[in-house]
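Try each one yourself before reading the solution.

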Amino acid sequence: IESTEGLPRIFITKDDLSGEGMRFPDLFLQLGLASSKKDARRLIQGGGARVEGEKIEDENALLTMDSFGDKQEITLRAGKKRAGVVELQ
C-alpha cells in the first residue's frame, strides 16, 4: 500500500455523502488537483482522473459511502504525478 503522507487531503463526513453523494469534479477542485470544475471535467473526459486506481469514466460520477467500502480514505489521482486524499471523518 502506497503511503498517502504528504498528499493534499480533504475531510468529509457521512452527511456530506448522504443523498446522492459528492461529484468528482468538486473533489478534484477542493484538493487542488484541478484549477476549475471545467478543468476537472476535462481531466475526467481525457481519461486522466482515477479513484483508487480505477479510471473515472463519467464526469457526473459521484463519490458515495459505497466508494469507501471498509476504508477511511480514498485516493484520487490526476494524471501520473498528482494525487490527493479524501478522508472520511
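**Exercise 1. The hairpin**

How many bridges join strand 6 to strand 7, and do they run parallel or antiparallel?

*Solution.* One thing to keep in mind throughout: this is a predicted model.

Step 1. Look at the pairing. Six bridges join strand 6 to strand 7, and the two run antiparallel.

Step 2. Pick out individual pairs. A78 has R82 of strand 7 as its bridge partner, and E73 sits opposite E87 in strand 7.

Step 3. Check the connection. Three residues lie between strand 6 and strand 7, which form a hairpin. In the turn, G79 has a positive phi of about 70 degrees.

**Exercise 2. How covered are the strands?**

Is T75 buried or exposed, and how many residues of strand 6 are buried?

*Solution.* 

Step 1. Apply the cut-off. Buried means under 20% relative accessible area. T75 comes in at 15% relative accessibility, so it counts as buried.

Step 2. See what lies around T75. Not counting residues up to four places away in sequence, T75 touches T4, R50, V51, E52, A83, G84 and V85.

Step 3. Zoom out to the strand. Strand 6 has five of its six residues buried, so the rest of the structure largely encloses it. Strand 7 is mostly covered too, with five of its seven residues buried.

**Exercise 3. The two faces of helix 3**

Which residues of helix 3 are buried, and which exposed residues does the opposite face carry?

*Solution.* 

Step 1. List the buried residues of helix 3: A40, L43 and I44.

Step 2. Recall the geometry. An α-helix has 3.6 residues a turn, so residues three or four places apart point the same way.

Step 3. Turn to the other face. Away from the buried side, helix 3 carries the exposed residues K38 and Q45.

Step 4. Find what the buried side packs against. The buried residues of helix 3 pack against helix 2, strand 3 and strand 6.

Step 5. Follow the chain out of the helix. Just after helix 3, G47 takes a positive phi of about 85 degrees.

**Exercise 4. Into the core**

Which members of the largest nonpolar core touch the most other members?

*Solution.* 

Step 1. Name them. This core has 24 residues, and F24, F28, L63, L76 and V86 touch the most other members.

Step 2. Trace where the core comes from. Among the elements that each supply at least two of its residues are strand 1 (9-12), helix 2 (24-30), helix 3 (37-45) and strand 7 (82-88).

Step 3. Take V86 as an example. Leaving aside neighbours within four places in sequence, V86 has contacts including I10, I12, L27, L31, L63, F68 and L76.

**Exercise 5. L17 and its surroundings**

Where is L17 found, and what does it contact?

*Solution.* 

Step 1. Locate L17: it is in helix 1 (residues 14-17).

Step 2. L17 has a relative accessible area of 4%, so it is buried.

Step 3. List its contacts. Beyond neighbours within four places in sequence, L17 is in contact with I12, M22, L63, T64, M65, F68 and L88.

Definitions and conventions: Residues are numbered from 1 along each chain as its sequence is written. This is a predicted model: local features need pLDDT of at least 70, side-chain atom pairs count only at pLDDT 80 or more; totals for chains, interfaces and linings use all residues. Side-chain values use heavy atoms; hydrogens and water are left out. A nonpolar core is a set of buried Ala, Val, Leu, Ile, Met, Phe, Trp, Tyr and Cys residues joined through side-chain atoms within 4.5 Å. Buried means under 20% relative accessible area, exposed over 50%, partly exposed in between (1.4 Å probe, protein chains only). Helices (H or I, at least four residues) and strands (E, at least two) are DSSP runs, numbered from the N terminus. Contact means heavy atoms within 4.5 Å. Two strands pair if DSSP finds at least two bridges between them.
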